[in-house]
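This report goes through one protein model, part by part. Please look over the sequence and the structure before reading on.

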Amino acid sequence: MSASAVFVLDLKGKVLICRNYKGDVDMAEIDHFLPLLMTQEEEGLTCPIMSHGNVHFLWIKHTNLYLVATTNKNSNASLVYAFLYKVVEVFTEYFTELEEESIQDNFVVVYELLDELMDFGFPQTTDSKILQEYITQEGTKLEVAKTKVPTTVTNAVSWRSEGIKYKKNEVFIDVIESINLLVSGFTRRMLGLIHVNANGSVMSSDIVGTVKLKTMLSGMPELRLGLNDRALFALTGRDKGKTVTMEDVKFHQCVRLSRFESDRTISFIPPDGESELMSYRINTHVKPLIWIESVIEKFSHSRVEIMVKAKGQFKKQSVANNVEVRVPVPSDADSPKFKTSTGHAKYVPEKNLAVWTIKSFPGGKEFLMRASFGLPSVENDEMEGKPPITVNFEIPYFTVSGIQVRYMKIIEKSGYQALPWVRYITQSGDYQLRSNF
């Protein structure tokens, strides 16, 4: 079971709009929501689910609004929350900003959307592109649209409309991998010098990947995507070349899960335009693509000098773009002076950071940054240098896991030819290099 009713409230608990889907919960029960919430906040403990008698309130907060679902059954809470966040997503698509004013200014459209998003307590049409076909922000069009229900509401492919036509049929595939990395640096002290050795150890690392599509295809095509998936190669008895083991794989609703589970084939009818086809995680040891070494020297608590060396530990033919090395500095630092072998550096006092930016960083190269700061006050040595050095970057035409799109087959009854384009991108996720300053 899902929700009995959905309410949109302002921060004072006033109901701006609501929709009763099942009629099994008294709509006046919503009056208990804000007092319950205030009581919990006073006690310093807020819970996403609150109860009054046998009525349960499942709620989220967005800007200056509360979105609340009520139920008196043992409902699937994850389904209800997924629906509430989907409501926020759809409303934001329609009104750009979802806040109290946008609800009041678009009352009719909001009510129409609530009517289509859920039916008798169960999520129905939640794709904003499909909803925009027949629910528009012009009231006159709302009346006309009621005479004809789009086929996407009644057929099995609710994420794609029929009759789509393009002069040139193309598919763009982006494989984007984010590296999460935590390195613990080895440190030693020599004559007041703190040196972070290159022998730091990788404490944790993984890769989070997404496959994004931009489809511009006519008709109702079926696509089949082939990756160098180790499980697929094992099933077929082929284990040639580099393969990858994907974990925590999640798909867009268009993918036929039964087909994937049986033979690892990714088969689907794609949404029109941009969409995220799948996401995955690869739990593997990752060598730091950009290695950082740093040396800090203090002078009687009056001045601190920092030297940072960055080295690209990826293929020489690849280039990292928009590299940012964020180095923590003492909170009382002032009078910054920088010298860099490439790029430029600046002091960001509100974040206690020195930020070194390198627009283009080729693989195998090393660059240096020197910084000098004044220290007008005496700080505790134990407190300085605890935050990690973090690095942001993006490397196009490269994947650290070695994942590859082996093929993309496009099948459509008219038999047209289509061009698939593939692009690979590796970028930093949570990329930290820690030391024991």
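## An aromatic pair and its cluster

F33 and Y66 are both buried, where buried means under 20% relative accessible area, exposed over 50%, and partly exposed in between, with a 1.4 Å probe and protein chains only. The model is a predicted one, in which local features need pLDDT of at least 70, side-chain atom pairs count only at pLDDT 80 or more, and totals for chains, interfaces and linings use all residues. Residues are numbered from 1 along each chain as its sequence is written, and side-chain values use heavy atoms, with hydrogens and water left out.

The structure holds eleven aromatic pairs. Rings of Phe, Tyr and Trp (its six-membered ring) pair if their centres lie within 6.5 Å; planes under 30 degrees apart count as stacked, over 60 as edge-to-face and the rest as tilted. The ring centres of F33 and Y66 are 5.6 Å apart and the planes stand at 70 degrees, so this pair is edge-to-face. The pair links distant parts of the chain, with F33 in helix α1 (residues 33-42) and Y66 in strand β5 (residues 65-71), 33 residues apart. Helices (H or I, at least four residues) and strands (E, at least two) are DSSP runs, numbered from the N terminus. Ring pairs also join F33, F57, W59 and Y66 into a cluster.

## Other rings

F251 and F260 also form an edge-to-face pair, because their ring centres are 4.8 Å apart and their planes are at 70 degrees. F260 has a relative accessible area of 7%, so F260 is buried.

Two lysines lie over ring faces: K22 over F120, at 5.4 Å from the ring centre, and K409 over Y407, at 5.3 Å from the ring centre. A charge sits over a ring if NZ of Lys or CZ of Arg is within 6 Å of the ring centre and within 35 degrees of the ring normal.

## Helix α1

Which residues of α1 are buried? They are F33, L34, L37 and Q40. These residues lie on the same side of α1, because they cover an arc of only 125 degrees around the axis. The arc is that of the directions from the helix axis to the C-beta atoms.

The buried residues of α1 pack against β1 (5-10), β3 (49-52), β4 (55-62) and β5. After α1 comes G44, with a positive phi near 75 degrees.

I292 belongs to strand β14 (residues 290-299). With a relative accessibility of 4%, I292 counts as buried. Leaving aside neighbours within four places in sequence, I292 is in contact (heavy atoms within 4.5 Å) with V308, K309, A310, V325, I389, V391 and L433. From I292 to T390 the C-alpha distance is 9.3 Å, while 98 residues separate them in sequence.

## Paired strands

Two strands pair if DSSP finds at least two bridges between them. Strand β16 (residues 319-328) runs antiparallel to strand β19 (residues 353-362), and nine bridges join the two. A320 stands opposite F361 in β19.

β16 is also joined to strand β21 (residues 389-396), by four bridges and in the antiparallel sense. Here R326 stands opposite T390 in β21. β21 in turn pairs with strand β23 (residues 419-434), antiparallel and over five bridges. The bridge partner of T390 in β23 is Q432.

## Two threonines with positive phi

Most residues other than glycine have a negative phi, and most peptide bonds are trans. T63 has a positive phi, near 50 degrees, and lies in the loop between β4 and β5. T63 is partly exposed because its relative accessible area is 45%.

T96 also has a positive phi, of about 70 degrees. T96 is found in the loop between α2 (77-95) and α3 (100-105). Is T96 buried or exposed? At 59% relative accessibility, T96 counts as exposed.

## The chain as a whole

The protein chain contains nine helices and 23 strands. The chain has 437 residues, of which 47% count as buried. Of the contacts with a separation of 6 or more, 71% come from residues 24 or more positions apart.

The accessible surface of the chain comes to about 22,600 Å², and 51% of this belongs to carbon and sulfur atoms. Accessible areas come from the Shrake-Rupley method with a 1.4 Å probe; for residues, only the protein chains shown count as cover.
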